[in-house]
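Have the fold up on your screen and a side-chain view ready.

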Amino acid sequence: MDNYLDISFLNSVNKVDINQFEVHVLTGILKRFLRELPNPVIPCDFYESFIDVAKIENDVDCTKALLRLLETLPPAHGSVLKFLMEHFCRVCLYQHTKGDRSPPSKLVQVFANILLRPSWDKITEVVNNSEAHIRILELLLSKSGQFGVMPELSASTGMHFYAVLLLAYSLLCGTFPSVVYVSLPNLP
């Protein structure tokens with residue numbers, strides 16, 4: 001089924017009925033697509049600079065430095081990152097309206113090493129820098145104010161796995177379909 005969806009998207013994304021696919025399949029497709037980009041959304045050439053900035057201890061100063069770095073990204077990369085981060089904010093707002101006040105930790109963890117990674121010859125650096133990857137995305141998402149309004153969130157547990165699935169589904173179809181709302185279980 002995965003390969004069918006890949007081939008369908010290549011032929012014509014607008015003609016694919018994604019409602020026939022499970023949300024986790026769509027999530028996997030999105031993650032795989034982003035992972036297989038020749039250069040990640042935050043390009044490899046910028047990797048060391050982002051990691052260095054993540055070492056700034058003060059969140060406000062770190063966020064300001066990250067925003068300055070974002071301004072130097074190639075336009076296509078900056079646009080895709082902006083779109084994804086705005087969408088992450090919308091997913092957090094949606095979760096908030098459904099009573100989930102948890103921070104976007106799980107969402108960030110799922111995408112951190114996909115959106116930001118070193119070149120393949122230095123890929124083992126991901127192991128040492130995963131916390132920096134997560135911090136970068138969390139600060140950009142929750143502290144920068146550049147990608148939309150984040151709801152008031154608690155500092156406890158991370159965003160539910162279903163929110164990540166919903167994110168992938170809605171990115172691929174461009175909306176939050178009601179069929180997904182109904183299929184989500186009531187979570188604490």
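Leu81 counts as buried because its relative accessibility is 1%, and buried here means under 20% relative accessible area, with exposed being over 50% and partly exposed in between (1.4 Å probe, protein chains only). You'll find Leu81 in helix α5; helices are DSSP runs of H or I with at least four residues, strands are E runs of at least two, and both are numbered from the N terminus. This is a predicted model, so local features need pLDDT of at least 70 and side-chain atom pairs count only at pLDDT 80 or more, while totals for chains, interfaces and linings use all residues. Residues are numbered from 1 along each chain as its sequence is written, and side-chain values use heavy atoms, leaving out hydrogens and water.

So what does Leu81 touch, leaving aside neighbours within four places in sequence? Its partners are Val41, Ile42, Leu70, Leu73 and Leu115, where contact means heavy atoms within 4.5 Å. Take Val41: it sits 40 residues from Leu81 in sequence, yet the two C-alpha atoms are 6.2 Å apart.

Now for Phe50. Not counting residues up to four places away in sequence, Phe50 touches Ile42, Leu66, Leu69, Leu70, Leu73, Leu116 and Ile136. Phe50 and Leu115 have the most contacts inside the largest nonpolar core, a set of 37 residues. Such a core is made of buried Ala, Val, Leu, Ile, Met, Phe, Trp, Tyr and Cys residues joined through side-chain atoms within 4.5 Å. At least two core residues come from each of α2 (23-35), α3 (47-54), α4, α5 (75-97), α6 (105-115) and α7.

Next, look at α4 (residues 59-70) and α7 (residues 125-142), whose axes come within 10 Å and cross at roughly 90°. Those axes are lines fitted to C-alpha atoms over the stretch in contact, with angles from 0 to 180 degrees between N-to-C directions. On the α4 side the contact uses Asp59, Cys62, Thr63, Leu66, Leu67 and Leu70, and on the α7 side Arg135, Ile136, Leu139 and Leu140.

Zoom out, and the chain has nine helices and zero strands. Of its 188 residues, 46% count as buried. Among contacts with a separation of 6 or more, 75% link residues 24 or more positions apart.
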